[in-house]
Amino acid sequence: MEYFLTYILPILLVMIFATLIVVLFIKQENKRKQFEIRANEGKGLLNQRILAYERLILLLERLQPESLIIREQKANMNSMQFHQHLLKVVRKEFEHNLSMQLYVKDKTWDKVKRTRDTLVRVINNTAANVKPEAPSIVLGHAIIESGGGELIQVSRNSIKSIKKEMNEFYGDNLFF
């Protein structure tokens with residue numbers, strides 16, 4: 001028994017203590033590595049979120065009536081064909097940017113959708129008042145005149161919301 005207390009017990013206690021230290025060290029090291037991984041992912045998320053803000057503002061600018069109509073105007077189209085073409089372009093532009101909703105607040109995304117919906121409504125309402133066989137330029141001119149004010153206001157509101165959200169996340173002096 002004296003042999004056990006003198007030699008074996010201290011060896012067992014040292015082994016238990018050493019094992020405990022090693023286990024705690026390994027756990028701490030794993031936590032540190034996970035933190036580093038998250039920190040690196042955070043940098044990527046920051047870049048993705050900033051890219052999303054940029055792309056959504058670009059989308060809203062591209063959907064401005066003047067920009068959209070000048071870019072998409074085709075001389076050989078009639079009003080009905082141009083109407084269908086504009087709706088197709090708006091849908092494609094929006095679908096191309098659907099994934100950006102992952103990086104913005106729901107409230108901001110709702111404002112972007114509202115801008116799109118307002119544009120579609122303006123295009124449809126204006127097209128209903130233009131003869132289908134009229135040249136596409138007539139419809140384009142009518143869209144700019146009839147919906148420009150409301151749509152510009154909704155679009156500006158959306159852009160302000162995007163900028164406000166970005167400033168909330170990163171501060172007013174992100175780039176300056």
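**Close-up views of a predicted model**

**View 1. Met15 in helix H1.** With a relative accessible area of 49%, Met15 is partly exposed. In this predicted model, Met15 belongs to helix H1. Between the C-alpha atoms of Met15 and Asn30 the distance is 22 Å, and the two residues are 15 apart in sequence.

**View 2. Met1 ahead of helix H1.** Met1 lies in the segment before helix H1, which covers residues 2-62. The relative accessibility of Met1 is 75%, and this residue therefore counts as exposed, since the cut-off for exposed is over 50%.

**View 3. The largest pocket.** The largest pocket holds about 150 Å³ of space. Two elements, helix H4 (106-128) and helix H5 (136-170), each give two or more residues to its lining. Helix H5 gives the most, with six residues.

**View 4. Residues lining the largest pocket.** The lining of the largest pocket includes Lys105, Lys107, Thr108 and Lys111. Also found in this lining are Asn157, Lys160, Ser161, Lys164, Glu165 and Glu168.

Conventions:
Residues are numbered from 1 along each chain as its sequence is written. This is a predicted model: local features need pLDDT of at least 70, side-chain atom pairs count only at pLDDT 80 or more; totals for chains, interfaces and linings use all residues. Side-chain values use heavy atoms; hydrogens and water are left out. On a 1 Å grid over the protein atoms alone, a cavity is a set of points where a 1.4 Å probe fits but cannot get out, and a pocket is an open set with protein on both sides within 12 Å along at least five of seven lines; lining residues have an atom within 4 Å of a point. Grid points are joined across faces, edges and corners, and a volume is the space filled by probe spheres set on the points. Helices (H or I, at least four residues) and strands (E, at least two) are DSSP runs, numbered from the N terminus. Buried means under 20% relative accessible area, exposed over 50%, partly exposed in between (1.4 Å probe, protein chains only).
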